[in-house]
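Here is a short report on one protein model.

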Amino acid sequence: MKEVLLVTGSGRGIGAATALLASQRGYAVCINYRSDAGAAEALRERIVTAGGEAIAVQADVAVEADVQRLFATIDAQLGPITALVNNVGVLEKQCKLTEMSVERLHRVFTTNVISYFLCCKEAVLRMSTARGGQGGRIVNVSSGASRVGSPNVYIDYAASKGAVDTLTLGLSKEVAAEGIRVNCVRPGLIYTEIHASGGDPGRVERMAATVPMQRGGQPEEVAEAILWLLSPQSSYVSGAFIDAAGAR
Ligand code: NAP
């Protein structure tokens, strides 16, 4: 059966590493981006040049109409979706709760939580064996922040990831008898550009000594955990959490 994978927010960082590794394992991949078309197109070209199959689709996954168009494009250009990685995530300038505006809270929760619900919904509608689908796998990318709460820097981001954890728990049980596995990867400190949006581009280097392994992680190391959860090797695993964080 042809494996068709959507990775949301995959123009760079953990999403790009996941899309690339998946293509090397034989998945036809939909790369999704919001604004950086150049990075998404470069990744698509890299995959296709290596003999893989990929499309790049612009869509703000926090917007329902965009999500519906994204899934319809996959239906038409790649065929029935068999795997989804919910990977988008944003964080904003480090501050305490008392400095957080309601606009910021809406941005963080809409992008980090609502988008995951919208994409899971479209995936389940297509994958569910109760609806004539062939089953499938979903991996949600949460964060170690959901376990520690991230006081003084971004408890909004940490709380949004707590919601992702609970979505994983509930949905995994809701669709377990419909051929769909739902799991979660919680990265720790990973070298990507997300830290710059928090106003702290050197965060991973600065905090590396606090990690039990004494180093930050690479996006490819997170991608390996995600790919295992998508693979048949994890066939009896659902509602599970892998902490890719250099020990907890
Ligand atoms: P990143 O380098 O900042 O990449 C995030 C990607 O998401 C960007 O390519 C961005 O594309 C895209 N994106 C953001 N909002 C979007 C939207 N509404 N619709 C479509 N695409 C959107 O982030 P990352 O570090 O790889 O993070 C990936 C995931 O891992 C996130 O869920 C993050 O919370 C989680 N995580 C990361 C770390 C870490 O240390 N890096 C640790 C724990 C968890 P555009 O630029 O085009 O908007």
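## Cysteines

The structure holds zero disulfides, a disulfide being a pair of cysteine sulfur atoms within 2.5 Å. Cysteine 119 has its closest cysteine sulfur in cysteine 120, 7.4 Å away and so too far for a bond. Cysteine 184 is also in no disulfide; its nearest cysteine sulfur, again that of cysteine 120, is 10 Å away.

Cysteine 119 counts as buried, at 0% relative accessibility. Cysteine 184 is buried too, with a relative accessible area of 0%. Buried means under 20% relative accessible area, with a 1.4 Å probe and protein chains only.

## Basis of the model

This is a predicted model: local features need pLDDT of at least 70, side-chain atom pairs count only at pLDDT 80 or more, and totals for chains, interfaces and linings use all residues. Residues are numbered from 1 along each chain as its sequence is written, and side-chain values use heavy atoms, without hydrogens or water.

## The sheet

Two strands pair if DSSP finds at least two bridges between them.

Strand 4 (residues 83-86) and strand 5 (residues 136-141) run parallel, joined by four bridges. Leucine 84 has isoleucine 138 of strand 5 as its bridge partner.

## Helices on the sheet

Helices are DSSP H or I runs of at least four residues, and contact means heavy atoms within 4.5 Å.

Terms used:
Helices (H or I, at least four residues) and strands (E, at least two) are DSSP runs, numbered from the N terminus. Buried means under 20% relative accessible area, exposed over 50%, partly exposed in between (1.4 Å probe, protein chains only).
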